[in-house]
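Take a look at it first, and then we'll go through some of its parts together.

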Amino acid sequence: MTTGFGAVIVAAGKGSRMGTRESKQFLHIGGKPIVVQTMDIFNRLPWIQQIVLVTGRDDVERCEAWISAYGLDKVSAVIPGGRERQESVYLGIKQMHTEWVMIHDGVRPFVTTEEITTCRDTAVSEGAAVLAVPVKDTIKQVNGQGLITGTPDRQSLWAVHTPQAFRLSELMRAHETAQQDGFAATDDAMLLEHIGLPVAVAEGKYSNIKITTPEDLEYAAFMGRNKEETGS
Ligand SMILES: Nc1ccn([C@@H]2O[C@H](COP(=O)(O)OP(=O)(O)OP(=O)(O)O)[C@@H](O)[C@H]2O)c(=O)n1
Ligand SMILES: C[C@](O)(CO)[C@H](O)COP(=O)(O)O
């Protein structure tokens, strides 16, 4: 175990909502596969010591080739993921040997070094942290008949992004408990909530989108062009 931070990048999804023949994490923006763009941001941070990439079983080889071609020297392992994101994260964290770990979606390539650093600092001061943005719309609860049943107070609503940063030992315990309890979560913070550990919110930017559906590709292409022009 070393002190400091590592990152698990999860990119083993099927991209069913995107519906492209090529999995969305391997589409090119700004001249590079999306997952390479994402790993590169973490690889450049001096305080990130180790990166583990979790991807599809059939994609391990091409990811290893990209990692070598793009000089992503902090990637210590590329491993096949699981059926659900939660399982992919669990497999990833088992490969980590840093005290702290950040979990990040391979399909969030527009996260900035500033946001990642804010998330790190909040985790260190509060114990665990997720990047998130205040919700801009009014959110309604709707029942199966399409009728509104409530309007939660918008002041208390945040849309949660990644990275999400945890002490490796606590995240491991949270995943193990979830597995024993059959508890399924859509993000890692939920697993800490399940075992009663606090997680703080670090305010991020609306630009840190998760590339999920086809219209996100238009935004990604626009952002990719900007990246190429500015060299950032
Ligand atoms: N079994 C899975 C499912 C998802 N992910 C990863 O988790 C991130 C966020 O998931 P999402 O956007 O939902 O991706 P997909 O599961 O690929 O998309 P969909 O739900 O549309 O199939 C992505 O980087 C995805 O590759 C993963 O590593 N393993
Ligand atoms: C972790 C996450 O990115 C937070 O927004 C998200 O929950 C993962 O993907 P999902 O399948 O779209 O929920």
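Let's start with two strands: S4 and strand S5 (residues 75-80) run parallel to each other, paired over five bridges. To pick out one spot in that pairing, find Leu 53, whose bridge partner in S5 is Val 78. To get from S4 to S5 the chain passes through helix H2 (residues 60-69), and this β-α-β crossover is right-handed. Keep in mind that you're looking at a predicted model.

How many of the eight residues of strand S4 are buried? Seven of them are, so S4 (residues 48-55) is largely enclosed by the rest of the structure.

**A closer look at Gln 50**

Gln 50 sits in strand S4. Is Gln 50 buried or exposed? With a relative accessible area of 2%, Gln 50 is buried, because anything under 20% gets that label. One polar contact of 2.9 Å links the side chain of Gln 50 to that of Ser 76.

**Over on helix H2**

Now hop to Glu 61, which lies in helix H2. Glu 61 has 68% relative accessibility, so it counts as exposed. Its C-alpha atom is 9.8 Å from that of Ile 79, a residue 18 positions away along the chain.

**Salt bridges**

Side chains of opposite charge can pair when their charged atoms come close. How many salt bridges does a search of the whole structure find? The search turns up nine.

| Residue | Partner | Closest N and O atoms |
|---|---|---|
| Arg 62 | Asp 59 | 3.0 Å |
| Asp 188 | Arg 85 | 3.2 Å |
| Lys 205 | Glu 114 | 3.2 Å |

Take the pair of Arg 62 and Asp 59. Arg 62 is partly exposed, with a relative accessible area of 27%, while Asp 59 is buried, with a value of 14%.

Next comes the salt bridge between Asp 188 and Arg 85. Asp 188 lies in helix H6 (residues 188-194) and Arg 85 in helix H3 (residues 85-93), so this pair ties together parts that are 103 residues apart in sequence. Asp 188 is buried, with a relative accessible area of 2%, whereas Arg 85 counts as partly exposed at 26% relative accessibility.

Then there's Lys 205, which forms a salt bridge with Glu 114. Lys 205 is found in the loop between strand S11 (200-203) and helix H7 (214-230), and Glu 114 in helix H4 (residues 113-126), so the pair ties together parts that are 91 residues apart in sequence. Lys 205 is partly exposed, with a relative accessible area of 31%. Which residues are joined into one network by salt bridges that share partners? They are Arg 85, Asp 105, Arg 108 and Asp 188.

**Around ligand 1**

Which of the 19 residues around ligand 1 come nearest? Those are Val 10, Gly 15, Ser 16, Ser 88 and Lys 210. A polar backbone atom of Gly 13 is 2.9 Å from an oxygen atom of ligand 1. On the nitrogen side, a polar backbone atom of Glu 84 is 3.4 Å from a nitrogen atom of ligand 1, and a polar backbone atom of Arg 85 is 3.4 Å from a nitrogen atom of ligand 1. On its own, ligand 1 has 560 Å² of accessible area, and the protein covers 89% of that.

**Around ligand 2**

Arg 85 turns up again among the residues around ligand 2, which also include Arg 17, Asp 105, Arg 108, Thr 162, Thr 186 and Lys 210. An oxygen atom of ligand 2 lies 3.1 Å from a polar side-chain atom of Arg 17. The side chain of Asp 105 has an N or O atom 2.5 Å from an oxygen atom of ligand 2. Thr 186 contributes its backbone, with an N or O atom 2.8 Å from an oxygen atom of ligand 2. The protein covers 74% of the 350 Å² of accessible area that ligand 2 has on its own.

One last stop: Thr 162, listed among the residues around ligand 2, is joined to Pro 163 by a cis peptide bond, with omega near 10°. Pro 163 itself lies in strand S10 (residues 158-167).

How values were computed. Residues are numbered from 1 along each chain as its sequence is written. Chains are lettered from A and ligands numbered from 1 in the order in which they are written. This is a predicted model: local features need pLDDT of at least 70, side-chain atom pairs count only at pLDDT 80 or more; totals for chains, interfaces and linings use all residues. Side-chain values use heavy atoms; hydrogens and water are left out. Buried means under 20% relative accessible area, exposed over 50%, partly exposed in between (1.4 Å probe, protein chains only). Helices (H or I, at least four residues) and strands (E, at least two) are DSSP runs, numbered from the N terminus. Two strands pair if DSSP finds at least two bridges between them. A crossover is right-handed if, with the strands pointing away from the viewer, the path from the first strand over the helix to the second runs clockwise. A residue is near a molecule or strand if one of its heavy atoms lies within 4 Å of it. A polar contact is a pair of N or O atoms within 3.5 Å; within protein, one must be able to donate a hydrogen and the other to accept it, and residues adjacent in sequence count only if both atoms are side-chain atoms. Accessible areas come from the Shrake-Rupley method with a 1.4 Å probe; for residues, only the protein chains shown count as cover. A salt bridge is a side-chain nitrogen of Lys or Arg within 4 Å of a carboxyl oxygen of Asp or Glu.
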